[in-house]
Amino acid sequence: MDIATTPAIERIARVLAGEHLSANAQGEERHAGPEVDATWCDFVEQAVAVLKTLRDPDEAMERAGDVAVWQRMIEAALEGAGDQGEGAIEPEPAALHDGP
């Protein structure tokens, strides 16, 4: 199994920023990478909200695995962000991130 090198909050925030900026998603930029690198921190609060929503698995998720493990993993991701939204995590250099 691959293990990400960036926090879940950052990865989700980058996806949200990409969705907002990229022409491949909802935005207008053809190559939004630099803009995502510059603005993903603006989406941390939304990323925290997404993770908070996922704390409780749905029925399909429950059937697929251990609910207690899932909840501990989500809580660990939230604790890693200080569970306080924007500014709670330090941005990693753009060259080191492992995804959108």
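Which residues line the largest pocket? Keep in mind as you click around that this is a predicted model.

**Stop 1: the pocket.** Select Met 1, Asp 2, Ile 3, Ala 4, Ala 8, Arg 11, Leu 51, Leu 54, Trp 70, Met 73, Ile 74 and Ala 77, and you have the lining of the largest pocket. Now colour by element: α1 (8-21), α3 (44-54) and α5 (67-80) each give two or more residues to that lining. The largest share, 4 residues, comes from α5. Switch to colouring by class and you'll get 10 nonpolar, no polar and 2 charged residues in the lining. The space in this pocket comes to about 300 Å³.

**Stop 2: α1.** Next, pick the helix α1 and check its end-to-end span. Then show the buried residues of α1: Ile 9, Glu 10, Ile 12, Ala 13, Arg 14, Ala 17, Gly 18 and Leu 21. To see what covers them, bring up α2 (33-39), α3 and α5, which are among the covering parts.

**Stop 3: the core.** Go on to the largest nonpolar core, which has 17 residues; Ile 9, Ala 13, Val 44, Leu 51 and Leu 78 touch the most other members. At least two residues of this core come from each of α1, α3 and α5, and α1 gives the most, with 5 residues.

**Stop 4: Leu 51.** Leaving out residues up to four places away in sequence, Leu 51 touches Ala 8, Ile 9, Ile 12, Ile 74, Ala 77 and Leu 78.

Definitions and conventions
Residues numbered from 1 in each chain as written. Predicted model: local features only at pLDDT ≥ 70, side-chain atom pairs only at ≥ 80, totals over all residues. Heavy atoms only, no water. 1 Å grid on protein atoms, 1.4 Å probe; cavity = no way out; pocket = protein on both sides within 12 Å on 5 of 7 lines; lining within 4 Å. Points joined across faces, edges and corners; volume = space filled by probe spheres on them. Nonpolar A, V, L, I, M, F, W, Y, C, P; charged D, E, K, R; others polar. Buried < 20%, exposed > 50% of the residue type's maximum accessible area, 1.4 Å probe, protein only. Contact = heavy atoms within 4.5 Å. Core = buried A, V, L, I, M, F, W, Y, C linked by side-chain atoms within 4.5 Å.
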